[in-house]
Amino acid sequence: MTAKIIDGKAVAQRVRQELKPRVERLRALGVQPGLAVILVGSNPASKVYVGQKTKACAEVGVHSEVHEFPGNVDQDSLIRRIQALNASPKIHGMIVQLPLPDHLDMRRILETIAVEKDVDGFHLYNVGGLVIGQDHTVFPPCTPYGVQWLLESEGIRIEGQNVVVVGASNIVGKPMALMLLKKEATVSICHIKTRDLAQYTILADILVVAAGKPRLITAPMVKRGAVVIDVGINRLPDGTLAGDVDFEEVKEKASHITPVPGGVGPMTVTMLIWNTVEAAERILKRNGAPETALA
Ligand code: NAD
């Protein structure tokens, strides 16, 4: 049996179509949702990601602006710009493209973003909301949110399933585990110090891999019929992109699998736009717009 290949591009396209009428309603009320992206330095991968984000915004009718700073920018200049964007009525969502150069205090910078504009979900308030499972005021981080969306759009049951998340970063692995725990899965988190990774992965009904190691997951490590979500993006020496999963081998064993590229990546960008539209709606409601106008 060959796995069903989950087409992240197609799901992302459907979500973007769903967003268009919401953007239209907001515009009819005089609000164009706006996203500000802070980009520090000239990391080529960051530039590519920022380009994808602004392109996706344009496609859905969301205003976007990129605030570029040289790699040696001082912390106070960045903080002042974030404060100005917090106060700007044109901007409803704001992200700082990571990673930041070492001389900058990433936590302090992320904590400067107004909670209601923190569409990457990296502010401690939003992280805390995720930990206690409070989802009304929280923006879920975009990559795990995209993975959850893919699972749900494929009708994959999460409740009661054994989920193994490989990778424990603050932007993917940990929030992923918390989101699937909230959906009542039994979740294990593996990381670089995990002894005998295969002993865990083989038990997974749903395996989410976000380690940044090409071919980390091979077929003998995967349970027959498992759902395998590959978050990894690795640039190989020949210039091609690969995930963390040996796709050709594992697709013969899994029931569902995401490709790289074309799996989780397009969803990450789309969920950022989703959160930005959501942020604009919440800000408008808080400013007194009637619920019915946005329904
Ligand atoms: P990270 O480097 O911050 O964290 C990697 C995690 O994997 C760590 O917890 C580490 O302990 C674990 N790990 C590393 N090697 C391992 C091994 N051999 N066995 C078990 N665990 C191991 O990375 P990140 O920011 O979480 O990103 C992970 C991957 O996902 C990268 O390839 C990144 O490019 C990709 N990514 C993709 C998207 C997307 O939209 N598809 C978004 C974010 C990150």
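## Pro99 and its cis bond

Pro99 sits in the loop that runs between strand E4 (93-96) and helix H4 (106-112). In this predicted model, the peptide bond joining Leu98 to Pro99 is cis, with omega at about 5°. As background, most peptide bonds are trans.

The link from Val260 to Pro261 is cis, and its omega is near -5°. Pro261 lies in the loop between strand E11 (256-257) and helix H10, a helix that covers residues 264-286.

For background, most residues other than glycine have a negative phi. You can find Glu184 in the loop between helix H7 (173-182) and strand E6 (186-190).

## Two domains

Stepping back to the whole chain, the protein is divided into domain 1, residues 30-114, and domain 2, residues 142-265. Taken over C-alpha atoms, the centres of domain 1 and domain 2 are 28 Å apart.

## Helix H6 and its two partners

Let's start with H6 and H10. Helix H6 (residues 142-153) and helix H10 (residues 264-286) have axes that come within 8 Å and cross at roughly 110°. Because of that angle, H6 is roughly perpendicular to H10. On the H6 side, the contact involves Cys142, Thr143, Tyr145, Gly146, Val147, Trp149 and Leu150. They meet Val264, Met267, Thr268, Met271, Leu272, Trp274 and Asn275 of H10. By type, the residues of this H6 and H10 contact are ten nonpolar, four polar and no charged.

H6 also meets helix H1 (residues 8-28), with axes that come within 11 Å and cross at roughly 95°. H1 is therefore roughly perpendicular to H6. Here Gly8, Val11 and Val15 of H1 touch Trp149, Leu150 and Ser153 of H6. The residues of the H1 and H6 contact split into four nonpolar, two polar and no charged.

## Around the ligand

How many residues surround the ligand? The ligand is surrounded by 21 residues, and the closest are Ala168, Ser169, Ile192, Ile233 and Thr268.

Several of these residues place polar atoms by the ligand's oxygen atoms. For Ser169, an N or O atom in the side chain is 2.5 Å from an oxygen atom of the ligand. For Thr268, an N or O atom in the side chain is 2.7 Å from a ligand oxygen atom. Ile233 takes part through its backbone, with a polar backbone atom 3.0 Å from an oxygen atom of the ligand.

Pro70 is in the loop between strand E3 (63-69) and helix H3 (75-87). Which residues does Pro70 contact, leaving aside its neighbours within four places in sequence? Pro70 is in contact with Val40 and Gly41. Ile91 is 21 residues apart from Pro70 along the chain, and their C-alpha atoms are separated by 22 Å.

Definitions and conventions:
Residues numbered from 1 in each chain as written. Predicted model: local features only at pLDDT ≥ 70, side-chain atom pairs only at ≥ 80, totals over all residues. Heavy atoms only, no water. Domains from an automatic or database assignment. Axes fitted to C-alpha atoms, helices over the stretch in contact; angles between N-to-C directions. Helix = DSSP H or I, 4+ residues; strand = E, 2+ residues; numbered from the N terminus. Parallel < 35°, antiparallel > 145°, perpendicular 65-115°, else oblique. Contact = heavy atoms within 4.5 Å. Nonpolar A, V, L, I, M, F, W, Y, C, P; charged D, E, K, R; others polar. Near = heavy atom within 4 Å. Polar contact = N/O pair within 3.5 Å; in protein donor to acceptor, adjacent residues only side chain to side chain.
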